[in-house]
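Look over the sequence and the model below.

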Amino acid sequence: MLIPFEQHCLICKQSSTNLICHYCKEDLALFELTNFDFNLMLYPKVKKGLTKVDFSHLVALGDYQWPLSKLLTGLKFSAYIPNAKALANLFVEHCIKEQTNLPQLILPIPLHKNRYLQRKYNQSIELAKQINKQTNIPITTSIMYRSKATQAQTNLSAAKRRQNLKNAFQIATKPDLFQYQHVALFDDVLTTGTTMNYAYHALKTAYPHLRIDIWCICITLAHR
């Protein structure tokens, strides 16, 4: 006799047929993307916190607050992959399904090889893989690499973040992106936007013709 597998909601821990139960999903405070034509750079509260970035198109699920922050932390520091699947499910449903002009390729933000050896995985790649499974948008990790071993950004000021990340990203000459017109740079969390902005500049310099969207799970909004 087969014993049915009992799954629990990743947030409330109650029995659930889904990774996030209906009740917890209903309680999530997600960005109203349709109000901003699926571009959070048109949302004044987001734009106010990203004054030193040059990208113009941004999509994210929500503010970096519980429970999204808990799911991301569990993925980043405990490699709990079901969190990646749950967050990707939300991202596809809330941020992608209603869009008509989707990127042809997803580029997760790379880790430096030293940090990758310490962690053994890149949480942004794991999230992008789950998005790929649901959308069939290809991902690549062979175009952009991190040539500079930077300090962890968490406790650095905005100015020190910029100095820390200067020349951190390089673009490989092969394979190339000339056959693409529209791609997405993807990361788990956007705080000051410094990391993403340097990655954006590296890619835009190599491929000026590209439309580059910025995708992330969460944005750290200024609460004041």
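The protein exposes about 12,200 Å². Carbon and sulfur atoms supply 52% of that area. Accessible areas come from the Shrake-Rupley method with a 1.4 Å probe, and for residues only the protein chains shown count as cover.

This is a predicted model, in which local features need pLDDT of at least 70 and side-chain atom pairs count only at pLDDT 80 or more, while totals for chains, interfaces and linings use all residues. Residues are numbered from 1 along each chain as its sequence is written, and side-chain values use heavy atoms, with hydrogens and water left out.

Of the 224 residues, 49% count as buried (under 20% relative accessible area, with a 1.4 Å probe and protein chains only). Contacts (heavy atoms within 4.5 Å) come next. Among those with a separation of 6 or more, 72% join residues 24 or more positions apart.

The protein has eight helices and six strands. Both are DSSP runs, numbered from the N terminus: helices are H or I with at least four residues, strands are E with at least two. From the N terminus on, the order is α-α-β-α-α-β-α-α-β-α-β-β-α-β.

Take strand 2 (residues 105–108). Leu105 and Leu107 point one way, Ile106 and Pro108 the other way. All are buried. Strand 2 pairs with strand 5 (residues 182–190) in the parallel sense, over four bridges; pairing takes at least two DSSP bridges. Leu107 has Leu185 of strand 5 as its bridge partner.

Now helix 8 (residues 194–206). Its buried residues include Thr194, Met196, Tyr200 and Leu203. The expected span is 1.5 Å times one less than the number of residues.

Definitions and conventions
Buried means under 20% relative accessible area, exposed over 50%, partly exposed in between (1.4 Å probe, protein chains only).
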